[in-house]
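Please have the sequence and the model open while reading.

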Amino acid sequence: MKLQELPDESPYVSGDSACPGCMASNIAHNVLRILGKKTIASVPPSCMSVFAGTFPNLNWDIPYFHMQFANTAATVTGISRALKAQGKEGIVVLGMAGDGGTGDMGLQALSGAAQRDENILYICYNNQGYENTGIQASGMTPIGAWSKTTPVRNHSTGNEYYPKDIPRILIAHEATYVATASTADINDFIRKIERAKEIEGFRYVEILSVCTPGWDVETHLGPQLAREAIDTGFWLLIEYDKHKLMVNHDPTFKGLDKFLKKQGRFKHMTLDQYHIMEDHIRRRYQIYKSLSSLDHFL
Ligand SMILES: Cc1ncc(C[n+]2csc(CCOP(=O)(O)OP(=O)(O)O)c2C)c(N)n1
């Protein structure tokens with residue numbers, strides 16, 4: 001479906017309390033427009049669970065479970081297996097978590113579900129930090145980024161570590177479907193969520209989610225930054241389906257410095273740090289590109 005063909009109505013109804021410019025809110029709205037009402041969702045502690053509200057004021061108009069931080073994949077596994085035991089078909093079981101809940105706290109449950117090929121759809125909205133609790137670094141925060149736990153003072157210059165590449169980790173599990181997406185390429189986004197909806201087994205989609213306070217950017221800049229993230233290679237669009245990996249968009253790698261300078265979290269970066277980031281971006285692209293040249297992966 002094209003964007004114009006999607007229903008205006010989404011089970012993600014109005015009334016969330018997300019920050020101005022929050023991309024996670026937009027992601028949830030569009031994901032649920034595509035998945036529709038025959039969906040059961042589970043969201044762990046995160047911005048999303050907070051700005052969704054609580055019953056009876058919850059803005060998800062479908063069955064919705066809020067559980068513990070590390071449990072997303074395990075919770076949706078239980079729901080999916082219970083539906084199977086009851087002989088109920090055609091219901092999407094969705095887990096939706098931030099990058100902290102996915103790549104740090106939730107990683108072992110996620111890994112187990114991928115290995116067992118549980119019949120679940122797991123979406124990580126990756127805002128690249130523990131944003132709900134006040135902007136701490138997660139395992140998926142970019143190298144060099146400022147956060148409250150990676151300060152820029154006393155000779156400390158932001159996050160020292162490379163971010164975990166969760167799609168690559170899940171591909172190594174031979175997971176059924178693994179993709180990344182962005183609201184900046186909405187047709188690619190829709191196609192991937194539709195594909196993830198239609199197939200059975202373990203499906204993972206990770207979506208870049210601009211966080212205006214966490215990235216220290218003006219509230220109107222999200223869509224532009226999401227576009228520049230793709231063009232600069234900062235965010236790769238990839239898809240692993242039927243054991244074949246594809247890179248869906250080849251970045252130009254141009255304008256990385258301008259892209260970074262628009263974000264307060266990177267404004268302290270030295271030239272050396274910039275080169276480390278640039279080198280990392282190109283290496284990651286080369287890795288995906290060389291894996292995509294294989295006829296059959298693993
Ligand atoms: C076991 C446990 N540790 C810490 C917390 C506190 N906590 C709630 S939400 C959150 C941050 C979540 O970060 P992420 O998953 O990246 O989602 P975001 O807030 O960025 O949307 C933390 C640390 C918790 N609820 N449970």
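Which residue in strand 6 does C124 stand opposite? C124 stands opposite E206.

## Basis of the description

This is a predicted model, in which local features need pLDDT of at least 70 and side-chain atom pairs count only at pLDDT 80 or more, while totals for chains, interfaces and linings use all residues. Residues are numbered from 1 along each chain as its sequence is written, and side-chain values use heavy atoms, with hydrogens and water left out.

Helices (H or I, at least four residues) and strands (E, at least two) are DSSP runs, numbered from the N terminus. Two strands are said to pair if DSSP finds at least two bridges between them.

Strand 4 (residues 121–126) pairs with strand 6 (residues 203–208) in the parallel sense, over 6 bridges.

## Strand 1

Strand 1 has parallel partners in strand 3, over 4 bridges, and in strand 2, over 3 bridges. I40 stands opposite V93 in strand 3, and S42 has F65 of strand 2 as its bridge partner.

Strand 1 is largely enclosed by the rest of the structure, because 5 of its 5 residues are buried. Buried means under 20% relative accessible area, with a 1.4 Å probe and protein chains only. In a regular strand, side chains alternate between the two faces of the sheet. In strand 1, T39, A41 and V43 point one way, I40 and S42 point the other way, and all are buried.

S209 lies in the loop between strand 6 and helix 8 (212–215). Is S209 buried or exposed? S209 is buried, with a relative accessible area of 1%.

Leaving aside neighbours within four places in sequence, S209 is in contact (heavy atoms within 4.5 Å) with M23, A24, I27, Y125, N126, N127 and W215. The C-alpha atoms of S209 and G98 are separated by 9.2 Å, and the two residues are 111 residues apart along the chain.

Key
Buried means under 20% relative accessible area, exposed over 50%, partly exposed in between (1.4 Å probe, protein chains only).
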